Amino acid sequence: MVKLYPEGAYLLHGTEIVEDGNEQEAILKNRLGYIPDKKEATKNTIAYGILSEHNQSDNMEKLNIKFDCLTSHDITFVGIIQTARASGLEKFPVPYVLTNCHNSLCAVGGTINEDDHMFGLSCAKKYGGMYVPPHQAVIHQFAREVLAGGGKMVLGSDSHTRYGALGTMAVGEGGPEIVKQLLSQTYDINMPKVVGVYLTGEPQKGVGPQDVALAIIGAVFKNGYVNNKVMEFIGDGVSKLSADFRIGIDVMTTETTCLSSIWKTDDVIKEFYTIHGRPSDYKELNPKEVTYYDGMIYVDLSQIKPMIAMPFHPSNVYTIEELNHNLMDILDEVEKKAAISLDNNQVEFKLKDKVRNGKLYVEQGVIAGCAGGGYENICDAADILRGKSIGADEFSLSVYPASQPVFMELVKNGRIADLMATGATVRSAFCGPCFGAGDVPANQGLSIRHTTRNFPNREGSKITNGQIASVALMDARSIAATAANQGYLTPATDLVDVTFTRPAYYFDKTIYDNRVYNGIGKADPSVEIKFGPNIVDWPKMSALPENLILKVVSEIHDPVTTTDELIPSGETSSYRSNPLGLAEFTLSRKDPEYVGRAKYVQTAEKARIEGKNPEEAVAELAEIMKTIKETNETADFTNTGIGSTIYAVKPGDGSAREQAASCQKVLGGWANIAQEYATKRYRSNLINWGMLPFVLKEELTFGLNDYLFVPNIVQAIQDKLPEISAYVVNKGMKEVKLTVGELTDKEREIILKGCLINYNRRG
């Protein structure tokens, strides 16, 4: 059971919730003998204490955060370091860990993946960082084992940067925010609201962390209950959960669109740090005696059942029991929702044909990554499958331990042998199944995965090639139960006779001592950075021109547009170190004509910058400028830039990858126009790449291939205008009111300069 309180609530003595309402003051007076000050009580959260310790400003409403350490993986670290180098990077000012867990198995492009890995190693030597070679650990497991610490803050260039269960506030952001930290700048945000997540009760046998996480995501995603807020886990139920169980819930908080997470800590977490050889990194964290939360989520763990998130979003949740009892109706509902996401006309997506003898048959199971590849998940799966067979039909099962130390212990205690004996395959630490670089199902295949996301085509199928497959998210235990039934969907709670042995975990640090390069605090300027032929510098970017002509080159009306749709993950990410090469894939699965349209507009701007007549590159601009000059006589191509924009209802859910914005920028994009932005990190990526994060609150009066004229945009940004007038040129100069929302002075300057690189560039 998950209950959302309609407003805020006090937590008294860590145990009693007193929600906002008519009776609140009387209850508080009765329990405490006084009425606490709400504003002061908000300062008693765990989150507030950690944020205040890391805030560099003298204003807790306007935070300037410096993080204790940073982490990036091999889809993001090349671009980050290249950006920082262009801005004068001399050494890493805080511990910075570079992991190689995302493209370790990609075969696309020949040498380019390992070229990027060698780039990372040489930069770790030159600037003083830590380098984790391929197959050693996925980014977040390594951070849990090595970086996390009570009361610390970690910034990572991956959206699932979440270590709250260990008492660490962690934030996943786009690469430019890492760049700022590398240049000793700050992470600037308003003080986030904090929502309490009160856990009570104890999970049923067979229920795992993914089940709890999906239940919470299903309750809060669509209504935005925790959007850009901090989730603080409290309550008597916390103590009933193992460290691995807490971690498994925590990592999935990203899918709620919250900013970060933090948990109360206890002896269970103290033991975690002791096991990992870092007892001094433990810190007891609890809310104070009287604490006020801006919202409250009440979760009765004993009422949570095995869950499934059907395609194509982690919030599309049902209990497995409910799905099995209403199979055809729910599958029909899922197919109809999917048709909207897939634009109906590209491929036919089917699920109802997977029903065999009244049961849902799936073709694949995967337990992997930062969510599923934990020690306890795999041990429990092995207990369920011991002595059974996954069968010799279409169904397959693959398991990826999240790190070599976890893998080693599973080998030592025999769980790997148990799994392999069933017909399952066991692989090294790798994030690929989370984003389409491994275990891609057959066309029309359905995969059940204990991973993080199930967006369209995120499992690796290519809709532009007529392919479609899909992922449903489940917990490792129910995946194992399904595997034991050779592919027929089964909740783990049905297996009443299984015994979970829960063997003790022993962390072997020598694995990392023998293989991980640790150069933290040992920068060596004499080291030469190793480049490969695909590692390309960022193209030159211009400052924001006085006026803008924007052509709408893509129009998306989906309720939410993910970053995977803006720039596909999977094998395309092999081109991550080549900005122009990667940009060729922008919107390729959502709007295959986008790149051509954007490039066409860009030819005019390139001509303008070179002092040529842009009308010769794009003939229609002659009529556009003629119309503009009828009401704006001073506008001409000396003071008016030309670029592209996209319209989307709510873009930016999902990954922190900055490429979702930077690829638009290098193709000549100057703005996004949206009703709202799904996440702060995507909006920040736009800003850091010098793109205007326009919001349209009124009715949409323009569309694909329309031209917008935005006069005096530089002045509007400088003057902090609450509204900015734009005009639909080819519709009689119809006025449209846009806003850019709240921007810091630094963000305004970045937009005016054209991007973060220009803002920081020396000379």
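**Helix packing and a sheet**

Analyst: This is a predicted model. Helix 7 (residues 175-182) packs with helix 26 (residues 680-688) at an angle of about 65°, and their axes are 8 Å apart.

User: Why is helix 7 called roughly perpendicular to helix 26?

Analyst: Angles of 65 to 115 degrees count as roughly perpendicular. The angle here is about 65°. Therefore helix 7 is roughly perpendicular to helix 26.

User: Which residues make the contact?

Analyst: Helix 7 brings Gly175, Pro176, Glu177 and Lys180. Helix 26 brings Ser684, Asn685 and Asn688. By class, that contact has 1 nonpolar, 4 polar and 2 charged residues. Gly counts as polar.

User: Now the sheet. What is the strand order?

Analyst: The open sheet has 7 strands in the order 31-30-28-26-32-33-34, with mixed pairing.

User: What makes strand 31 and strand 34 edge strands?

Analyst: Strand 31 (692-695) and strand 34 (734-738) each have a single partner strand, so one side of each has no neighbour in the sheet. Across this sheet, neighbouring strands are turned by 30° against each other on average, direction ignored.

User: How do you know that strand 26 pairs with strand 32?

Analyst: Pairing needs at least two bridges. Strand 26 (residues 547-556) and strand 32 (residues 707-710) are joined by 4 bridges, and they run antiparallel. Therefore they count as paired. Lys551 stands opposite Tyr707 in strand 32.

User: What lies across strand 26 and strand 28?

Analyst: Helix 22 (residues 594-609) does, running at about 165° to strand 28 (640-648).

How values were computed. Residues are numbered from 1 along each chain as its sequence is written. This is a predicted model: local features need pLDDT of at least 70, side-chain atom pairs count only at pLDDT 80 or more; totals for chains, interfaces and linings use all residues. Side-chain values use heavy atoms; hydrogens and water are left out. Axes are lines fitted to C-alpha atoms, for helices over the stretch in contact, and angles run from 0 to 180 degrees between N-to-C directions. Helices (H or I, at least four residues) and strands (E, at least two) are DSSP runs, numbered from the N terminus. Angles under 35 degrees count as roughly parallel, over 145 as roughly antiparallel, 65 to 115 as roughly perpendicular and the rest as oblique. Contact means heavy atoms within 4.5 Å.
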